[in-house]
Amino acid sequence: MTPPCSILNVGLGAVGAIYSWRLAQSAAITAVCRSNYQVVKDEGLNIDSKKFGKGIFRPSHVVRTVAEAVQVNDNQAFDYALVTLKALPEVYDIGEMIAPAVKPGKTTIVLIQNGLGIEEPIVARFPDNPLISIVAYIGTSQPSLGEIKMVGSERLMVGNYLPSKVDNSAPKQRFIEMLRKGGVDANDVDDIEKLRWQKLLWNAVFSPVCLLTGMDTTGVLGCDSAMNLARNLMRDVVATANAQGYDFDYETEMANMIRFTQSTAMDFKPSMMLDYERRSPMETDAILGSCFRRAKAKGLSVPYLESVYDLCLANNKAILEEKKVRSSA
């Protein structure tokens, strides 16, 4: 009998919980948990999803570290290492974190994370491993430890990161099939980078504008000054994307952003704003930093992107300093 596919999920938060739950229909899931470790180990995750229904998800194994995950997997290589952590390079090195579980040429690394440039350090660290990069469109949260709420539908764009030269076609197709078996809307795409830019056109505008104004999306849309900042920021992000060889139209993207927000994301606080309110590290680098560095590499003048990035970076630094003080107290 063929053993089931083995998947290591690093970061069993709201997004990781939903997709590991669905993948568990056809794979053995080993979950690395942090703050929710004890409740997941003792009781599992209580999931309430409008699309998938209600259920208790109990991973095959629940561990605290990747090293422990390797042990419970009988020191065998995992077929997939699925990363659903926030992209926080100032806090942890994902490549270093997953390294004990990644066998060269064997383990396929899967990233479901926000932002731009998240693949670069992974390809540099694991040049011989297949990589699958995924953009997720999903509304899910963990309002309390062990409780997962998912609203509406979901969609995954499962793609190739073109600078990676390792053929991922077979493991990608297998991963898509497992997702679809679990009812996931999984779409096979060629160039994931374009999709990351597309999502960034919303995230890199609304995330910092909401954070810096203290307004949710409804407040921003109703404030002329906030929308003036949003429009200028959108111009800088579109110019940066187009300098990479894409052909986004500013007027079209601005209209799409407003229409999308009005139809699906009113009274909404982006994750960066929620993290700021919780005094948790923010995805400043993935959402703004990578975009800004690419603009500078092309010699572009992006004054609004630069200013907003500096302000968010300063706020994030203050949060990291507070966290350092708390941990040493």
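Colleague: Why is Arg279 called partly exposed?

Modeller: Arg279 has a relative accessibility of 25%. Buried means under 20% relative accessible area, exposed over 50%, and partly exposed in between, with a 1.4 Å probe and protein chains only; Arg279 therefore counts as partly exposed. Arg279 lies in the loop between helix 11 (271–278) and helix 12, where helices (H or I, at least four residues) and strands (E, at least two) are DSSP runs numbered from the N terminus. Its phi is near 60°, a positive value in a residue other than glycine. Most residues other than glycine have a negative phi.

Colleague: On what kind of model do these values rest?

Modeller: This is a predicted model, in which local features need pLDDT of at least 70 and side-chain atom pairs count only at pLDDT 80 or more, while totals for chains, interfaces and linings use all residues. Residues are numbered from 1 along each chain as its sequence is written, and side-chain values use heavy atoms, with hydrogens and water left out.

Colleague: What makes Asp74 buried or exposed?

Modeller: The relative accessible area of Asp74 is 61%, so Asp74 is exposed. Asp74 is found in the loop between helix 3 (66–72) and strand 6 (80–83), and has a positive phi of about 60° although it is not a glycine.

Colleague: What makes Thr107 buried?

Modeller: Thr107 has a relative accessible area of 0%, and is therefore buried. Thr107 is found in the loop between helix 4 (94–98) and strand 7 (108–112). Leaving aside neighbours within four places in sequence, the residues in contact with Thr107 include Ala77, Phe78, Tyr80 and Asn129; contact means heavy atoms within 4.5 Å. A polar atom of the Thr107 side chain lies 2.9 Å from the backbone oxygen of Phe78.

Colleague: How do you know that the span of helix 9 agrees with its number of residues?

Modeller: The expected span is 1.5 Å times one less than the number of residues. Helix 9 (residues 224–243) has 20 residues and should span 28 Å; its end C-alpha atoms are 29 Å apart, so the two agree. Just after helix 9, Gly245 takes a positive phi of about 110°.

Colleague: Which helices do the buried residues of helix 9 pack against?

Modeller: They pack against helix 7 (192–213), helix 8 (217–221), helix 10 (250–264), helix 12 (284–297) and helix 13 (303–328). Among the buried residues of helix 9 are Ala226, Leu233 and Val237.

How values were computed. A polar contact is a pair of N or O atoms within 3.5 Å; within protein, one must be able to donate a hydrogen and the other to accept it, and residues adjacent in sequence count only if both atoms are side-chain atoms.
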